[in-house]
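Please open the model in your viewer and keep the selection panel at hand.

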Amino acid sequence: MKARFGLRAIAGVYLALVLVGPLVIVFWSAFRHGVGPVWDAISSPDAVAALKLTLLTAAIAVPANTIFGILAALVLARRRFPGRRAVSALIDLPLALSPVVVGLALVLVWGRAGWFGPWAINHGVSVIFSTPGIVLATMVVSLPFVTRELVPVLRELGIEQQEAAATLGANPLQIVWRITLPAVRYGLIYGVVLTTARVIGEFGAVAVVSGNIAGQSQTMTLYVEDRFQEFDLVGAYSASVLLACISIATVVVLRLLNRRGVQ
Amino acid sequence: MTIEVRDISKQFDRHVALDRVSLEVPRGSLTALLGPSGSGKSTLLRIIAGLETPDSGRIWIDGSDVTGVRPQRRGIGFVFQHYAAFKHMTVRNNIGFGLSVRRRPKAEIRARVDELLAIVQLEGLGDRYPSQLSGGQRQRMALARALAVDPAVLLLDEPFGALDARVRGELRRWLRRLHEQTEVTTVLVTHDQEEAMEVADRIAVMDHAQIRQVGPPRELYDDPSNPFVMEFFGTVNRVGDAFVRPHDLKLHRSPNGATQTATVERLVHLGFVVRADLVKDDGQALTAQLTADEAEHLGLEVGDNVFVAARRERVFLEGEGI
């Protein structure tokens, strides 16, 4: 009993020091002079542009990585094929790789002097220093989460329910949509939450590829850093609060969605 | 014939699961595939269902060749040992799933599910989730789910294997009655010879990737065509070349034509039946079964010397051996 209380206390203090404390200080710093300055800061044109870019990036990267993640997880969990381990390790790579390296690699591939860069520019698309590059970098760094969450739960689920659905006449799409995904929804939702959080919070890879032009190629995280460098602390804290609120909202909304599906 | 299986072979890596197996399942019958684990019975059932692909051979259901047909289009119902309940759906939605993926009208599905809930005695439990049901209820739900789409054949893979003995007994009798009502051609996989004899009207005994004998339960018991089948249906004594069932051994106090003598090692009273473990004078062990009345009449005690005669015995010809 005592030991358990001790452990709880340690966990509580640790969380307070590492997570809750800094977060509270950010909120407190932003609102120190009231709501007015915060509103002004986040409704400035550059802040609104940054918010829009972050949301656009999330709107593309999260669904794309969710669909890819589901397909990759189904293949990795169900099929045995030569090179399966290699594919699995490859999907994990962005977790281990520094985002800066990811950004740099994209510059090498899509930059003016890169492999596909000139081809893209000839077709009127500039990837680096613009939105496509930001989206691409974000997709790479947030790639592993859905797959990583789904593979173990798919393994645990087994194939009996899917086989039962097949004998009852369900086609493969109906099986995935009506049996497999609902059965692994906890893992899927968690994977989507992690992906979204990573997409919204990504800094390093985006910093390398974006060019960081205020109002054009600045995501929320880049905007926060920019304000901070300019000694606009209220601007930096306000944008941080907004970022934190988006993240918290994501977690809460998905949790609620999750609860509604369960009896 | 509703199901015809011809020359089916299947190998997993280096393990031969089925070796040129042929079987005919008559319309309306309840046929049991009976055998020890690893004998290939579940693989055969899964191949009939289309859940496994045979390496060679062909399968017909209702006269049409379904060998390359996906399970979705075979017109089968399949029941799994561990229920395979859709855990995130209510009992109703589980049972109605087959109709729902066929895009039948909601009212029709509701009516059919009500009907099935009554048949499997789960009225009032339709809005529960599988986790709120007992094992026996879950398996009845799985049966209803399989029956909902009016399958041409019903395939049951050790359906009572995960249940405790009492529920298993109830469900066997219930399945037998259900089969008499619905008359759906049914194949049941089991390793339990008692279950096969109680439920099935035909039994195919499998061993080592092959079918050893097919026939009505009575015939397999009384007239086994090889020692494996004879030994699978209960204890057997070997007396020289002959095989004798325990209840075909008659014990006497006096020679009475019997030539063998033995000593009573142990007496086990199992209610109506008494089992006597004997040791012959040449050291061979025998098991005899007699009624409690007979045992009392003989005044049988441990250590007694008795004369043993076989009422009925079987000798298998060379080539029928194990």
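Begin by colouring chain A by domain: the assignment gives domain 1 (1-30) and domain 2 (36-261). This is a predicted model, and every value quoted on this tour is computed from it. The centres of domain 1 of chain A and domain 2 of chain A, taken over C-alpha atoms, are separated by 28 Å. Where the two domains touch, five residues of domain 1 of chain A are in contact with seven residues of domain 2 of chain A. The side of domain 1 of chain A in that contact consists of four nonpolar residues, one polar residue and no charged residue.

**Chain A as a whole**

Now display chain A as a cartoon. Chain A has 14 helices and zero strands. The C-alpha trace of chain A spans about 65 × 65 × 30 Å along its principal axes. Of the 263 residues in chain A, 38% are buried. Among contacts in chain A with a separation of 6 or more, 74% join residues 24 or more positions apart.

**A helix pair in chain A**

Next, select helix α3 (residues 45-78) of chain A together with helix α13 (residues 220-229) of chain A. Two packed helices are described by the angle between their axes and the distance between the axes. For α3(A) and α13(A), the angle is about 150 degrees and the axes are 8 Å apart. The two helices are therefore roughly antiparallel to each other, since an angle over 145 degrees counts as such. To see the contact itself, show the side chains of A:Asp46, A:Ala47, A:Ala50, A:Leu51 and A:Thr54 in α3(A), and those of A:Met220, A:Leu222 and A:Tyr223 in α13(A). By class, this contact has six nonpolar residues, one polar residue and one charged residue.

**A:Thr54**

Stay on α3(A) and centre the view on A:Thr54, which lies in that helix. Is A:Thr54 buried or exposed? A:Thr54 has 26 other C-beta atoms within 10 Å, and is therefore buried, the cut-off being 20 or more. Beyond its neighbours within four places in sequence, A:Thr54 is in contact with A:Ile200, A:Thr219 and A:Met220. For a distance check, draw a line from A:Thr54 to A:Asp232: the two residues are 178 residues apart in sequence and 21 Å apart in space, C-alpha to C-alpha.

**Where chain A meets chain B**

Bring chain B into view and select the contact between the chains, which takes 16 residues from chain A and 20 residues from chain B. On the side of chain A, the elements that give two or more residues are α9 (160-167) and α10 (172-183). Which element gives the most to this side of chain A? It is α9(A), with seven residues. By class, the side of chain A that touches chain B has eight nonpolar, six polar and two charged residues.

**Chain B as a whole**

Buried residues account for 41% of the 322 residues in chain B. Colour chain B by domain to separate domain 1 (3-228) from domain 2 (237-315). The C-alpha centres of these two domains of chain B lie 40 Å apart.

**Helix α1 of chain B**

Select residues 41-49 of chain B, which form helix α1. Nine of the nine residues of α1(B) are buried, so the helix is largely enclosed by the rest of the structure. Among the buried residues are B:Lys41 and B:Arg46, along with B:Leu44, B:Leu45, B:Ile47 and B:Ile48. Step one residue past the helix to B:Gly50, which takes a positive phi of about 90 degrees just after α1(B).

**A helix pair in chain B**

Finally, select helix α2 (residues 91-101) of chain B and helix α3 (residues 106-119) of chain B, whose axes come within 9 Å and cross at roughly 130 degrees. These two helices are therefore oblique to each other, and their crossing is right-handed. Show B:Arg92, B:Ile95, B:Gly96, B:Leu99 and B:Ser100 in α2(B), which meet B:Ile109, B:Arg112, B:Val113 and B:Leu116 in α3(B). By class, this contact has five nonpolar, two polar and two charged residues.

Definitions and conventions: Residues are numbered from 1 along each chain as its sequence is written. Chains are lettered from A and ligands numbered from 1 in the order in which they are written. This is a predicted model: local features need pLDDT of at least 70, side-chain atom pairs count only at pLDDT 80 or more; totals for chains, interfaces and linings use all residues. Domain bounds come from an automatic or database domain assignment. A residue is buried if 20 or more other C-beta atoms lie within 10 Å of its own, exposed if 12 or fewer, and partly exposed in between; C-beta atoms are placed from the backbone. Helices (H or I, at least four residues) and strands (E, at least two) are DSSP runs, numbered from the N terminus. Axes are lines fitted to C-alpha atoms, for helices over the stretch in contact, and angles run from 0 to 180 degrees between N-to-C directions. Angles under 35 degrees count as roughly parallel, over 145 as roughly antiparallel, 65 to 115 as roughly perpendicular and the rest as oblique. A crossing is left-handed if the near helix is turned anticlockwise from the far one by less than a right angle, and right-handed if clockwise. Ala, Val, Leu, Ile, Met, Phe, Trp, Tyr, Cys and Pro count as nonpolar, Asp, Glu, Lys and Arg as charged, and the others, Gly among them, as polar.
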